[in-house]
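I opened a notebook page for this structure and set down what I looked up, entry by entry.

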Amino acid sequence: MFQTLYSYFWWERLWLPANLTWADLEDRDGRVYAKASDLYITLPFAFLFLVVRHLFETYVATPLAGLLNVKEKVRLKATPNAVLERFYAATSKHPKQADVEMLSKKSGCSVRQVERWFRRRRNQDRPSLLKKFREASWRFTFYLIAFIAGMAVIVDKPWFYDLREVWKGYPIQSVLPSQYWYYMIELSFYWSLLFSIASDVKRKDFKEQIIHHVATIILISFSWFANYVRAGTLIMALHDSSDYLLESAKMFNYAGWRNTCNNIFIVFAAVFIVTRLVILPFWIMHCTMVYPLDLYPAFFGYYFFNFMMVVLQVLHIFWAYLIIRMAQKFITGKVVEDERSDREETDNSEEEEEVAKNGPLSNGHPVLNNNHRKTD
């Protein structure tokens, strides 16, 4: 059964245009072609990336955070409470009003104290500012190096300037060593992102991030199998062109350099919109959807590759919406923040209410007004 499934999976008509077989892509006369077995190396490389990331965050990103004066906010810890902790772990981190009242009776705390306990407990689980900075530093470093390397791989190629050259001689196109390593490193990195996503900083677009990583891995892998390498290198470099700007903006935001963060964010937003909403759909996707049909009839691989491109484009539109929302806040004079981030909760609103009722607070208790004149 396994052999039958294997045969169906690698059936030439799924991956290659009509009248072509895998034998046409066997290495010969010094020409090397993309092979599925080449991608086996990306899994051990992905774990190597995780090791390198740990070392980078420990010995580079952490000292850099100190130099940039990245400071942690003081978080008030929730008082140990078995009843509330049990509900928090097993039922919900955001109890409804009826649950709050029920927990108030069970725990012997007031409703206000229960609400405050859950806010502080949720804050304890949120990632620290240092963790966010270290993660952004790692991604910034990789995306910047990957973008520079990607441009070095494609800038001297004819298909960088004339997209019709992408399909010239397809699929009998040999793979250069620079293209091989560019593919292996990019795919290994995205595998490492998928492996570490559970422990990375979770944002509101967590599900979209998983879809993005999976779609990217499938797209890179398939483009290698089907020898869409020229198109693949263009797409990867295009994506890397804006990612390092976003990560650098995050780094400066965490360091408190708001003006620098906002200026970089404006540049990022412009690059993102131009590359993801203009160049990608109207140049690259036009290249992958229209030009191949001049050479061969559409086949499964053609449809599958372009379907995955559409999935990525939908995600780009979703993220562009978030970017535009942040841009609007910047234009109106508000601080630009990552719309995907889960904001820290505070007790300020409660404390202000207590001040209005009882005067200033000290450690949650009213402070007596001692400003009256002393009398003998």
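This is a predicted model: local features need pLDDT of at least 70, side-chain atom pairs count only at pLDDT 80 or more; totals for chains, interfaces and linings use all residues.

**Second largest pocket.** I sorted the residues that line the second largest pocket by class and found 14 nonpolar, three polar and two charged; here Ala, Val, Leu, Ile, Met, Phe, Trp, Tyr, Cys and Pro count as nonpolar, Asp, Glu, Lys and Arg as charged, and the others, Gly among them, as polar. I noted that on a 1 Å grid over the protein atoms alone, a pocket is an open set of points with protein on both sides within 12 Å along at least five of seven lines, a cavity is a set where a 1.4 Å probe fits but cannot get out, and lining residues have an atom within 4 Å of a point. The volume of the second largest pocket is about 510 Å³, where grid points are joined across faces, edges and corners and a volume is the space filled by probe spheres set on the points. Of its 19 lining residues, the closest to the centre are Trp10, Lys35, Ala36, Ser37 and Phe225. Helices H3 (42–67), H8 (177–196) and H9 (206–225) are the elements that give two or more residues to this lining, and H9 has the largest share with four residues.

Residues are numbered from 1 along each chain as its sequence is written, and side-chain values use heavy atoms, with hydrogens and water left out. The chain averages a pLDDT (the predictor's confidence in each residue, from 0 to 100) of 83, and 87% of the residues score at least 70.

**Elements and burial.** I found 13 helices and two strands in the protein chain, read as DSSP runs numbered from the N terminus (helices H or I, at least four residues; strands E, at least two). Of the 376 residues, 44% count as buried, meaning under 20% relative accessible area with a 1.4 Å probe, protein chains only. In helix H6 (residues 111–125), the buried residues include Trp117, Phe118 and Arg119.

**Cavity.** The largest cavity has a volume of about 40 Å³, and Gln173, Ser174, Val175, Gln179, Asn227, Val229 and Arg230 line it.

Terms used. Buried means under 20% relative accessible area, exposed over 50%, partly exposed in between (1.4 Å probe, protein chains only).
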